[in-house]
Amino acid sequence: MACYISSNQNRFYATLESSFGAVVEATADNRIPAIRLGIQHETVQGPRRDKTGSRTRSGIPSGARTRTQYQLETYMTNWGNIGAEPSYGPLIRGALGAAPLLDTGKSVSSVSGSTLTFGAAHGFAPGQAVSFGGEIRFVAAVVNVNTVELNAPFSLTPSGGSPLNPTITYGPATQLPSVSIYDYWSPGTAVQRVLSGAGVDRMKIKVNADYHEFEFAGDAKDLIDSASFASGLAGLSAFPPEPVIAGVDYNVIPGHIGQVWIGAAPSQFFTLTEAEIEIKNNVDMRKREFGYGGPTCIAAGEREVGIKFRLYEKDDAATIGLYQAAKNRTPISIMIQLGQSAGQLCGIYLPGVVPEVPEFDDRQPRLEWNFSLSAAQGSADDEIQIAFA
């Protein structure tokens, strides 16, 4: 028997559910390098107003509704199992909705600026990521079956016949899937937990922290634990055992490494000091309807996507153009690349952001512009793409 449970003896896994609240058992490949998982499971206590003749508080009747909320933070790591989803892929799908687009890496026939031509049909969709060397870009437009236009040119131009790196791209969809999140501890006799039917209401990506970080939060259908498990919960006959624990084998990406491309005709900015991308799904778990004791599905509302960022002012054309776009409410594109090596890249592409007029922050020796949360817009499920390469 352990004297205490060490908070470092904690392992997290995430899997995509085939139906709401039906737990899918995890494998070793589903382990994510999470920083922390906060779970709050509480009874929704409506006040009792019956007069009892005393000041003693009456109890809550059994069967009252419960609410389960969670917040999970994880580091961005290298894409270890190239060709399969990254370990936190189910959570990103939970935030965006669409099944990912995987490209194994095609060979380029010719390159002209940001235009790539292939010797055969490329099969790329608008917004899908391509990668070469230590860079990632996105398809801004499909010119024809053999040619695509990228959101920005590669710094090192691929020569004819050069193969691109494999990429996996996540995009928005109308419907959101649910996720199972596992919280395992050592020793095995400690209380183990599983969140079933977790909906990702909010996702944040933090840029230029100590390390690149992802944050996911929302409600879940239920919290299942090994101490009170009963057969039938979440479609399980027994509490799911933890996969065989393998050695920790991943690289955490430093938060200052990457690229930023901003503008109507995007320019690379080297003055960014801080950024945060936020996705808010306005999820309703359908938990207030008569006849149901808990959440029944994920009903997503209008998607809100935005970015807030800070950068140093310069008197160059790109920086002044950014201010003009903010003042005139003109949409621009923003692409942020996290990492700088193949296998350790993440790209976030916002093709239509309306920047807010920046606050001039003169508290430091150099003038800094602070752009508050600026909304991304689109036509139909195309306001953000997240990719790994």
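User: Does D201 count as buried or exposed?

Analyst: Start with the scale. Buried means under 20% relative accessible area, exposed over 50%, and partly exposed in between (1.4 Å probe, protein chains only). D201 has 13% relative accessibility, so D201 counts as buried. Before going on, know the source: this is a predicted model, in which local features need pLDDT of at least 70 and side-chain atom pairs count only at pLDDT 80 or more, while totals for chains, interfaces and linings use all residues. Residues are numbered from 1 along each chain as its sequence is written, and side-chain values use heavy atoms, with hydrogens and water left out.

User: Which side chain meets D201 in a salt bridge?

Analyst: The general idea comes before the case. Side chains of opposite charge can pair when their charged atoms come close. The rule used here asks for a side-chain nitrogen of Lys or Arg within 4 Å of a carboxyl oxygen of Asp or Glu. The partner of D201 is R202, at 3.1 Å from N to O. R202 is partly exposed, because its relative accessibility is 33%.

User: How many salt bridges does the rule give?

Analyst: The count is 19. Take D219 and K287 as one case: their closest N and O atoms are 3.7 Å apart. D219 is buried, with a relative accessible area of 12%.

User: What does R303 meet in a salt bridge?

Analyst: R303 pairs with D381, at 3.2 Å from N to O. This pair also links distant parts of the chain, 78 residues apart: R303 is in the loop between β21 and β22 (304-312), and D381 is in the loop between β26 and β27. R303 is buried at 18% relative accessible area, whereas D381 is partly exposed at 29%. Salt bridges that share partners also join R310, D361, R363 and E368 into one network.

User: Is the peptide bond from S186 to P187 cis or trans?

Analyst: Read omega. The bond is cis, with omega near 0°. P187 belongs to the loop between β12 (179-185) and β13 (193-198).

User: Which residues does P241 contact, leaving aside its neighbours within four places in sequence?

Analyst: Contact means heavy atoms within 4.5 Å. On that basis P241 touches E25 and Y184. P241 and E25 are 216 residues apart in sequence, but 8.3 Å apart in space, C-alpha to C-alpha. P241 is in the loop between β16 (222-225) and β17 (258-263). P241 is exposed, with a relative accessible area of 57%.

User: Which residues have the most contacts inside the largest nonpolar core?

Analyst: In soluble globular proteins, nonpolar side chains tend to be buried together. A nonpolar core is a set of buried Ala, Val, Leu, Ile, Met, Phe, Trp, Tyr and Cys residues joined through side-chain atoms within 4.5 Å. The largest one holds 58 residues, and F309, I386 and F388 have the most contacts inside it. Beyond neighbours within four places in sequence, the contacts of F388 include W79, Y88, I136, F214 and L345. A second, separate core has 11 residues, among them F124, V130, L150 and F154.

User: What is the strand order of the open sheet of 5 strands?

Analyst: Two strands pair if DSSP finds at least two bridges between them. The order is β6-β7-β10-β9-β8, with antiparallel pairing. β6 (108-112) and β8 (129-132) are the edge strands, each pairing on one side only. Neighbouring strands of this sheet are turned by 35° against each other on average, direction ignored; axes are lines fitted to C-alpha atoms, for helices over the stretch in contact, and angles run from 0 to 180 degrees between N-to-C directions.

User: Over how many bridges do β6 and β7 pair?

Analyst: Over 4, in the antiparallel sense, with β7 spanning residues 115-118.

Technical notes
Helices (H or I, at least four residues) and strands (E, at least two) are DSSP runs, numbered from the N terminus.
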